[in-house]
Amino acid sequence: MKISKKLTFYIKNIFWLSITCLMALPLYLWSFLKRSFEKKLRILIIPPVKIGDLVCATPIFREIKKNFPKSYLGVVLLADSGRRTTSYQLLKNNPYIDKIILPDKKRGIKTIGILKLIIRIYREKYNWSFTLTSGVIEKVIPFLAIIPNRVITISSYATITSKILNFVGNYKSEIKLNDLALRHHLKLLKFIGIKKFDQRKEIFISQKEKRKAIQFLKKYNLNPNDLLIGIAVTAGNKLKEWNKENFARLSDRLIEELGARIIFVGGPKDKRDISFVQSKMKYKSIDSSSGLNLIELAALFRYLKLFISVDTGPLYMANAMKVPVIDIVGPCSIYDQPPVGDNCEIVYKDLPCFPCSFVIKTARVCKYGHRKCIKDITVSDVFNAATRLLSKQYKYKSN
């Protein structure tokens with residue numbers, strides 16, 4: 001199965017490289033002739049679609065509209081069926097986006113689906129595009145859709161195919177290890193004259209989602225004035241995950257010593273892990289994994305006094321909703337995509353091999369086999385970070 005997936009990956013890359021190179025000269029001429037100096041901008045953004053990365057890209061939408069209020073802004077979400085719904089939910093209420101473009105439901109991000117997507121984008125006549133990642137498809141789409149001004153992200157850690165395709169961008173910006181990814185996204189805007197920007201992340205919630213969050217609180221007899229603490233126990237990358245029993249001991253301690261009410265968050269696929277953590281606890285807790293979708297979960301975050309997790313998507317959602325957060329980073333760089341603000345604590349172990357995982361160079365296994373960066377983080381390390389963070393903002397009684 002693994003060989004088959006790798007082979008499919010290489011075949012797709014060769015296909016897109018071949019078709020782009022074959023059509024390069026006529027498309028360059030065509031896009032040059034299409035260059036427009038009209039005042040109204042029609043801008044296409046191709047952001048990453050993982051939850052955390054997408055949340056960290058949200059300032060780019062606001063800054064474009066703030067500087068060019070009459071511009072038209074389209075966003076392409078190159079998400080497969082698993083991420084299609086979640087990534088769409090995060091952006092559907094965003095007032096700065098004029099159109100969210102999703103791949104065809106049937107074809108998705110397969111080759112035919114991408115070709116159909118390119119035709120749709122071509123018909124919408126965008127005159128600028130910004131590609132926030134260094135992926136092959138993300139670079140190819142604006143070029144084949146004949147968008148005249150194409151700003152792309154380049155990286156020395158990209159695949160060989162991606163590096164060859166750097167020629168499709170007529171404006172380029174390199175992202176390096178330990179570069180703050182959010183700042184890189186915003187720096188891309190310098191090519192349309194935006195040099196000052198606000199790095200604040202945003203998620204927008206509708207009244208419907210606010211009502212759903214209130215219903216959730218009532219269902220579990222939770223009061224907004226309670227010390228509500230959200231915890232995510234999983235990550236998409238297993239290398240980042242903290243011991244589940246540690247989460248159980250931490251939760252019990254937060255309940256016993258601080259009087260907290262614990263709400264575990266995640267999606268339906270996280271239910272099994274959450275149930276395991278709950279089975280190891282002495283005290284009762286709440287599982288929200290099957291009761292709320294992603295944007296409803298963001299609405300619930302408004303009531304949390306603290307959010308704790310390893311480096312994963314909901315952490316950045318909580319940070320965008322101005323919830324105090326504790327990031328158990330494990331192997332992840334503390335520089336390239338940390339939660340931002342005064343209400344954040346980052347817990348890590350400064351080992352000789354730390355960090356080994358970055359936004360542009362993600363590690364999936366520990367090359368030394370010990371995972372000490374995450375295993376050596378103790379329950380007390382995280383609990384003490386929680387008390388420091390809470391003491392800045394709330395009074396609580398410790399038994």
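This is a predicted model: local features need pLDDT of at least 70, side-chain atom pairs count only at pLDDT 80 or more; totals for chains, interfaces and linings use all residues.
Residues are numbered from 1 along each chain as its sequence is written. Local features need pLDDT of at least 70 and side-chain atom pairs 80 or more, while totals for chains, interfaces and linings use all residues, and side-chain values use heavy atoms, without hydrogens and water.

**Exercise 1.** Find out how many disulfides there are, and look at Cys332.

*Solution.* Start with the rule: a disulfide is a pair of cysteine sulfur atoms within 2.5 Å. By this rule the count is 0. Now take Cys332: the nearest cysteine sulfur belongs to Cys356 and is 7.9 Å away. Then try Cys366, whose closest cysteine sulfur, in Cys353, lies 6.2 Å off, too far for a bond.

**Exercise 2.** Classify the ring pair of Phe143 and Phe167.

*Solution.* Rings of Phe, Tyr and Trp (its six-membered ring) pair if their centres lie within 6.5 Å; planes under 30 degrees apart are stacked, over 60 edge-to-face, and the rest tilted. Here the centres are 6.2 Å apart and the planes stand at 80°, so the pair is edge-to-face.

Next, compare Tyr171 and Phe191: with 5.2 Å between centres and 45° between planes, their pair is tilted. Finally, ring pairs join Tyr171 and Phe191 with Trp128 and Phe130 into a cluster.

**Exercise 3.** Which rings does the charged end of Arg42 sit over?

*Solution.* Recall the test: NZ of Lys or CZ of Arg must be within 6 Å of the ring centre and within 35 degrees of the ring normal. One ring is that of Tyr72, with its centre 4.3 Å away. Another is that of Tyr126, at 5.5 Å.
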